[in-house]
Amino acid sequence: MTEDSAAPFVDSYLLYLLAAASHALSSQFHTEVKAQGVKVQTWRVLACLIDRPGLMLTELAQFVLLEQSHLTKIIDQLQISGLVDKQHDTTDRRKIKIYITDRGRELVAPLITTAKSHEREATEVLTRAEEKNLKAILHKLIRQQRQARRRSDPKEGRQLEPIGTRSEREA
């Protein structure tokens with residue numbers, strides 16, 4: 001009998017472990033985000049756009065882990081607040097790209113600093129090699145699932161830029 005088969009199901013079930021780790025790690029940070037007067041969904045959108053300006057709604061929805069219809073409402077609210085701007089694609093006017101504004105950058109910059117600090121604290125139990133390996137494994141799982149989804153549903157859209165550094169992607 002292997003160690004995994006002797007453990008209760010959820011204690012060794014990958015999806016539960018990923019969800020539990022995400023919840024445990026993000027709960028405290030989300031409390032800090034809300035204390036700054038920022039909604040978690042706003043944080044996610046702005047944090048994605050700061051390094052990836054000009055994402056289309058479908059791409060952004062994948063990064064912020066929201067349904068596109070729900071994200072559309074959030075983007076409209078953020079545009080009214082002056083945190084993002086929507087611009088038509090120069091080659092295809094039907095496509096709309098989303099950009100963070102200077103006001104959005106000012107709002108999210110200190111939160112990124114807080115997020116990095118929170119990540120350092122959360123991963124201090126890991127060696128640098130373990131942290132790098134964990135991120136590489138997670139990137140690999142995400143890529144595999146996106147590829148599987150694209151194969152099963154060709155309407156999934158164009159491929160997003162790779163996640164992680166090149167060395168993480170090749171791990």
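The exercises below, each with a worked solution, go through the helices and strands of a predicted model.

In this model local features need pLDDT of at least 70 and side-chain atom pairs count only at pLDDT 80 or more, whereas totals for chains, interfaces and linings use all residues. Residues are numbered from 1 along each chain as its sequence is written, and side-chain values use heavy atoms, with hydrogens and water left out.

**Exercise 1.** State how many helices and strands the chain has, and in what pattern they follow one another.

*Solution.* Begin with the count, taking helices (H or I, at least four residues) and strands (E, at least two) as DSSP runs numbered from the N terminus: the chain has 9 helices and 3 strands. Then read along the sequence, where the pattern is α-α-α-α-β-α-α-β-β-α-α-α.

**Exercise 2.** Work out the order of the strands in the sheet, and why one side of β1 and of β2 is left without a neighbour.

*Solution.* Strands of a sheet pair through backbone hydrogen bonds, either parallel or antiparallel; here two strands count as paired if DSSP finds at least two bridges between them. The 3 strands form an open sheet in the order β1-β3-β2, with antiparallel pairing. Because β1 (55–56) and β2 (84–88) stand at the edges, each with a single partner strand, one side of each has no neighbour in the sheet. Next, look at β1 and β3 (residues 96–100), which pair in the antiparallel sense over 2 bridges; leucine 55 has isoleucine 98 as its bridge partner in β3.

**Exercise 3.** Describe how α4 crosses α5 and which residues make the contact.

*Solution.* With axes fitted as lines to C-alpha atoms, for helices over the stretch in contact, and angles running from 0 to 180 degrees between N-to-C directions, α4 (residues 40–51) and α5 (residues 57–64) come within 9 Å and cross at roughly 115°. The contact (heavy atoms within 4.5 Å) is made by Arg44, Val45, Cys48 and Leu49 of α4 and by Leu60, Phe63 and Val64 of α5.
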